[in-house]
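Me: I would like to go through this structure and ask what stands behind each label. Please set the value against the cut-off where there is one.

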Amino acid sequence: MTQLTSQELKEKINNKENFMLDLFATWCGPCRVLMGNLGALEKSGEALPMNIYTMDIDSDRDFVMELGIRSVPTLKVYKGGEEVFSNVGVMSQSQLLEVMGKY
């Protein structure tokens, strides 16, 4: 997984890329669980339908507020520059694959 800055994330949204975004905090236990599930998917060798990126919410608090993040972990899916899915909390690997498959 590639960790993005707020500027890099804005560019990906503006370029209308399709991707999954994990918004996390280093001090958040459930965030580590979700990141582990995402990492396991990437390492599984299975072809994933979209890229997975991460962003530390403490890196740009103003931008995180613009995104409407109130709790972590928050997972978002962007398609064609638009947010099409958002979930707060840990998701299993099978749930993550199911969400990816929908978009």
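Me: How many strands does the open sheet have, and in what order do they come?
Reply: The model is a predicted one. Its open sheet has five strands in the order 1-3-2-4-5, and the pairing is mixed.

Me: What makes strand 1 and strand 5 stand at the edges?
Reply: Strand 1 (2–3) and strand 5 (82–88) each have a single partner strand, so one side of each has no neighbour in the sheet.

Me: How do you know that strand 2 and strand 3 pair?
Reply: Two strands pair if there are at least two bridges between them. Strand 2 and strand 3 are joined by six bridges and run parallel. Among the residues involved, L23 has M55 of strand 3 as its bridge partner, and L21 stands opposite Y53 in strand 3.

Me: What joins strand 1 to strand 3?
Reply: Two bridges do, and the strands run parallel. The cut-off is at least two bridges, so strand 1 and strand 3 count as paired. Q3 stands opposite T54, a residue of strand 3.

Me: Why is T54 called buried?
Reply: Buried means under 20% relative accessible area. T54 has 4% relative accessibility, so T54 counts as buried. T54 is found in strand 3. Leaving aside neighbours within four places in sequence, T54 is in contact with M1, T2, Q3, L4, L21, D22, F24 and M35.

Me: What makes strand 3 mostly covered?
Reply: Five of the six residues of strand 3 are buried.

Me: Why does S6 count as buried?
Reply: The value for S6 is 12% relative accessibility, and the cut-off is under 20%, so S6 counts as buried. S6 has its place in helix 1 (residues 6–14). Apart from neighbours within four places in sequence, S6 is in contact with M55, D60 and F63.

Me: Where does helix 1 lie on the sheet?
Reply: Helix 1 lies across strand 1, strand 2, strand 3 and strand 4, and runs at about 155° to strand 2. Helix 4 packs on the sheet as well, touching strand 2, strand 3, strand 4 and strand 5, and its direction makes about 135° with that of strand 2.

Me: How do you know that the reach of helix 2 is close to what is expected?
Reply: Helix 2 (residues 29–43) has 15 residues, and at 1.5 Å a residue 21 Å is expected. From the first C-alpha to the last, helix 2 reaches 21 Å.

Me: Which residues of helix 2 are buried, and what covers them?
Reply: The buried residues are C31, L34, N37, L38, G39 and L41. Their cover includes strand 2 (19–24), strand 3 (51–56), strand 4 (74–79) and helix 4 (93–102).

Me: Is the crossing of helix 2 and helix 4 left-handed or right-handed?
Reply: The crossing is right-handed.

Me: What is the phi of K16, and why is K16 called exposed?
Reply: Most residues other than glycine have a negative phi. K16 is not a glycine, yet its phi is positive, about 60°. Exposed means over 50%. K16 has 55% relative accessibility, so K16 counts as exposed. K16 lies in the loop between helix 1 and strand 2.

Me: Why does E17 count as partly exposed?
Reply: E17 has 26% relative accessibility, which falls between the cut-offs of 20% and 50%, so E17 counts as partly exposed. E17 is found in the loop between helix 1 and strand 2. Not counting residues up to four places away in sequence, E17 touches K12, Y53, Y78, K79, G80 and G81.

Me: What is the omega of the peptide bond that joins V72 and P73?
Reply: Omega is about 0°, and the bond is cis. Most peptide bonds are trans. P73 has its place in the loop between helix 3 (61–66) and strand 4.

Technical notes
Residues are numbered from 1 along each chain as its sequence is written. This is a predicted model: local features need pLDDT of at least 70, side-chain atom pairs count only at pLDDT 80 or more; totals for chains, interfaces and linings use all residues. Side-chain values use heavy atoms; hydrogens and water are left out. Helices (H or I, at least four residues) and strands (E, at least two) are DSSP runs, numbered from the N terminus. Buried means under 20% relative accessible area, exposed over 50%, partly exposed in between (1.4 Å probe, protein chains only). Contact means heavy atoms within 4.5 Å. The expected span of a helix is 1.5 Å times one less than its number of residues. Axes are lines fitted to C-alpha atoms, for helices over the stretch in contact, and angles run from 0 to 180 degrees between N-to-C directions. A crossing is left-handed if the near helix is turned anticlockwise from the far one by less than a right angle, and right-handed if clockwise.
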